[in-house]
Amino acid sequence: MHEDTQTSPNPPDDLESRLAWCLDESGARRSDRVAELCERFPDRAEEIRRRVEVEVGEALSSEQLYLEFQPIVSLQDGRIDGIEAFLRWRHPEHGLIPPDQFIPIAAQSPLIHDLGVWLLERSCEQVKAWQKTLARPVPTIDLNVTARQILHERTAGRIKDIVTRHGLRCEQFRFDISESDLMANPAASVKALDEIRKLGCRIAIDDFGTGFSSLRLLHAMPIDAVKIDRSFVSGSRGSGTDQLAVARTIVQLARTLEAEVIAEGVETQDQFRFLRSIGCGSAQGYLFSAPVSGPKIVEMIRDGYPLETSSQR
């Protein structure tokens, strides 16, 4: 993710133009545009949010959404042992709109459930297509979910119905939920995740290390994997020494939880070598591949990665 340090121009006065300013592709690098717009115009904040919700609803019904996929690579042998699905929105007027411009708003409304159903349906369709092409089993598919989604009483049933209808198994999917979402309501999260896990689905804590969880609460969570937040991989949260200490501690903690460890945002060979040296099992990031289309993933699954030369790919 890129940070735009330049001062943004003042948004226009009328709502339509404000929304265009907010969603325009030329400002896609600014991850806070919706929040900034609402903060500058608090009297219209609710109206702005509702309008973005309407736009997302229209995107769902008019095929503006699509998926890209990023491989999760074993740091031991270079095999693709997971694939994360990313939701994309190409607006007919404003171009490609980053997820952090609309997912946070959708997460505050019932619309997030419709997005979740769409994501799982399309992911199942893609898995079926991969199965027809590949000689080996399709790796685990990672899907991001929010607290509002997992706490809904119908979520587990919907997952089972959709996956079964496509002739797939729940074991083929892993649901990623952020550490901060989990800790907002730990007791309810444990119950909800346990229901999903009983279906056979796997659970991963996303952005691990940013939510200040207690060890006691983490032990109570029915999880299968932790994803080390990219800020600890890149060192953006402190010095290199701090990075090494925090990442090593997370790997050790994951072992006590009997959970897999996946590092996010890996971009350099140095990061790759460091993570492998401390026992991190898998990683994803631009060192291996940016998110790509479904057909492109097929050749990645077949070929894997020559780990020592992946920075040249």
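Student: Hi! Where do D270 and R273 lie, and how many residues apart are they?

Tutor: Both sit in helix α13, which covers residues 269–277, and they are three residues apart, about one turn of the helix. One thing to keep in mind as we go: this is a predicted model.

Student: Okay. Why does a spacing of three or four places matter in a helix?

Tutor: An α-helix has 3.6 residues a turn, so residues three or four places apart point the same way.

Student: And what does D270 form with R273?

Tutor: A salt bridge, with 3.0 Å between the closest N and O atoms.

Student: Is D270 buried or exposed? And what about R273?

Tutor: D270 is exposed, because its relative accessible area is 55% and the cut-off for exposed is over 50%. R273 has 41%, so it counts as partly exposed.

Student: Which residues do salt bridges with shared partners join into one network?

Tutor: That network takes in E84, D142, R174, D176, K227 and E260.

Student: How many salt bridges does a search of the whole structure find?

Tutor: It finds 14. One of them brings together the side chains of K227 and D142, at 2.9 Å from N to O. That pair links distant parts of the chain: K227 is in strand β7 and D142 is in strand β4 (residues 140–144), 85 residues apart.

Student: Are K227 and D142 buried or exposed?

Tutor: Both K227 and D142 are buried.

Student: What does R165 form a salt bridge with?

Tutor: Its partner is E121, and the closest N and O atoms are 2.5 Å apart. This pair also links distant parts of the chain, with R165 in helix α7 and E121 in helix α5, 44 residues apart.

Student: What follows α7?

Tutor: G167, and its phi is positive, near 75°.

Student: New topic: how many aromatic pairs are there?

Tutor: The count comes to two. F69 and W130 make an edge-to-face pair, 5.0 Å from centre to centre with 70° between the planes. F69 is in strand β1 (residues 65–74) and W130 in helix α5 (residues 111–133), 61 residues apart, so to speak of the pair is to speak of distant parts of the chain. Both F69 and W130 are buried.

Student: What kind of pair do W89 and F102 form?

Tutor: An edge-to-face one, with 5.0 Å centre to centre and 85° between the planes. W89 is in strand β2 (residues 80–91), F102 is in helix α4 (residues 99–106), and they are 13 residues apart.

Student: Why does W89 count as buried? And F102, what is its relative accessible area?

Tutor: W89 counts as buried because it is at 0% relative accessibility. F102 has a relative accessible area of 0%, so it is buried.

Student: Where is D224 found?

Tutor: In the loop between α10 (215–220) and β7 (225–228). D224 counts as buried, because its relative accessibility is 18%. Leaving out residues up to four places away in sequence, D224 touches R197, C201, R202, I203, A259 and E260.

Student: Last one, the whole chain. How many helices and strands are there, and what percentage of the residues is buried?

Tutor: The chain has 14 helices and nine strands, and buried residues make up 52% of its 313 residues. It exposes about 15100 Å², with 48% of that supplied by carbon and sulfur atoms.

Definitions and conventions:
Residues are numbered from 1 along each chain as its sequence is written. This is a predicted model: local features need pLDDT of at least 70, side-chain atom pairs count only at pLDDT 80 or more; totals for chains, interfaces and linings use all residues. Side-chain values use heavy atoms; hydrogens and water are left out. Rings of Phe, Tyr and Trp (its six-membered ring) pair if their centres lie within 6.5 Å; planes under 30 degrees apart count as stacked, over 60 as edge-to-face and the rest as tilted. Helices (H or I, at least four residues) and strands (E, at least two) are DSSP runs, numbered from the N terminus. Buried means under 20% relative accessible area, exposed over 50%, partly exposed in between (1.4 Å probe, protein chains only). Contact means heavy atoms within 4.5 Å. Accessible areas come from the Shrake-Rupley method with a 1.4 Å probe; for residues, only the protein chains shown count as cover. A salt bridge is a side-chain nitrogen of Lys or Arg within 4 Å of a carboxyl oxygen of Asp or Glu.
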